[in-house]
Amino acid sequence: MTASVHRVLAQQPVTSLEEYRAAGGGQGLEEAASSGPEAVIDEIDAAGLRGRGGAGFPTGRKWRAVLGNESVDFKASVVVNAAEGEPGSFKDRAILRANPYHVIEGAIIAARVLDAAEVIIATKQTFERERRVLQHAVDEVKAAGWAEGLRLQVFAGPSEYLYGEETALLETLDGRYPFPRIAPPYRRGLEEVVEHPADLAAHSKSAAHVEMAQPEGEAPPTLASNSETFANVPAILVNGAEWFRSVGTEQSPGTVVCTISGCVQHAGVAELAMGTPLRVAIEEIGGGAIDGRTLRAALSGVANPAILADQFDVPLSYEGLRAIGAGLGSAGFILYDDTSDMVSVAAGIARFLAVESCGQCAACKKAGLGIADGLALLSRSHASDHDQDVLAQHLDAVTEGARCNLATQQQVVVRSLLDNFPEVELHRERRTPSVEPEPMAALADISDGVATIDEREARKQPDWTFDEEYSGKWPADRLDDHRAPGTL
């Protein structure tokens, strides 16, 4: 008996609005129209739906916060965050390929509830297949009149890892680089309501060149949520909160779309009830360990500490993974076995995060690059005692003044790897052969059980260029204007 379910991830691709409607699509919109905003939010609250983008924030509470911060002069926006870039995660693209219509329907429901003016589905320029599927679905939805009175569009953004961070994504939608903000995530900023944004940029204290709206300001709020979160909404309204809670756990009801890749028989994506043990996901989705090998660890992307093999019975829930000091993240798990050198893995993760750091926070970029350099020396068994002391200092300093979670990821994930695997001491004592840092990047695709990573990451410089030589500058220092590159 398989553990997989099919609430969000369709078994067979839904390729037309007609096909979607024949299976009951659109009933969620009808239910929302007849119930009214408060009743819809109450039902989402009762269902216990939590954001599937990684943080697990209660969806109903988020909608209510946006509704409670309506601007007198400007309408809200709804943003679908489909800018998937966490290494090891492919669930958003799997959902969009299988059925973009319930994602769009869920977002339109949110827009009607919040009296929003627009729905933006934010994905990446590199997601060409998903953008074609989305644009086709959007065109059909518009023609059917579902989006009447709404601006509904697909937005293609940059490939940077931080573009998937909620506030950085909103920066990009406003025409700037994907630099995280220090602000409530449901605030868009002021560029939309000032006459001269260049003047604002000139006087801004932010490397993102924008001052933040406050609750008493004029700027309209924005609801931004992950595509999987929106995909759950229509069925909750049609079937009810009790139906949604019929699978999952009390604190983590419903299902989760999980990706398994790395040292397994085959990579894949499947939808499982929350609370399913990680070990079951590894076996059912990935086929278990490669023949003759033994699994020793899993990483939930590069956002949470390592999960050791003796912890694989942990339930896939927010509370379950938190109880062992880890996190569910976007439920994209990379598996490592007895052929993996975890110092090499740590070095690859450190490089990825250091390169993808935007440089607004000096410690994040400077210490992050120092961590990457120190771990590269360590993985090659070339690190002196002094090099190791400097590495430890960088790990202590990297989170100073951090405005987003990237620096904390660098510190927590790297330390979890250095603290738990015997090869670390062998490299420190230079008693094991040199190993190059493990390549780490977002997944480019999963096809026929084979996961491929974005090979461009290996050539990416810390200034976010692909130049042969590193300029020595950080992304936040390179800007000659306040617009994001290649997005508008």
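The sulfur of C358 lies 6.2 Å from the closest cysteine sulfur, that of C361, which is too far for a bond, a disulfide being defined as a pair of cysteine sulfur atoms within 2.5 Å. The structure is a predicted model, in which local features require pLDDT of at least 70 and side-chain atom pairs pLDDT 80 or more, whereas totals for chains, interfaces and linings use all residues. Residues are numbered from 1 along each chain as its sequence is written, and side-chain values use heavy atoms, with hydrogens and water left out.

For C364, the closest cysteine sulfur is in C404, at 6.1 Å, again too far for a bond. The count of disulfides is zero by this rule. C358 is buried, with a relative accessible area of 7%, and C364 is buried at 8% (buried, under 20% relative accessible area; exposed, over 50%; partly exposed in between; 1.4 Å probe, protein chains only).

Helix α8 spans residues 166–173, and eight of its eight residues are buried (helices are DSSP runs of H or I with at least four residues, strands runs of E with at least two, numbered from the N terminus). The elements covering α8 include α4 (59–68) and the strands β1 (77–81), β2 (118–124), β3 (151–157) and β4 (222–226). After α8 comes G175, with a positive phi near 95°.

The axes of α3 (residues 37–47) and α10 (residues 227–239) come within 10 Å and cross at roughly 100°; the two helices are therefore roughly perpendicular (65 to 115 degrees; under 35 is roughly parallel, over 145 roughly antiparallel, the rest oblique). Axes are lines fitted to C-alpha atoms, for helices over the stretch in contact, with angles from 0 to 180 degrees between N-to-C directions. V40, E43, I44 and A47 of α3 contact V233, I236 and L237 of α10 (heavy atoms within 4.5 Å).
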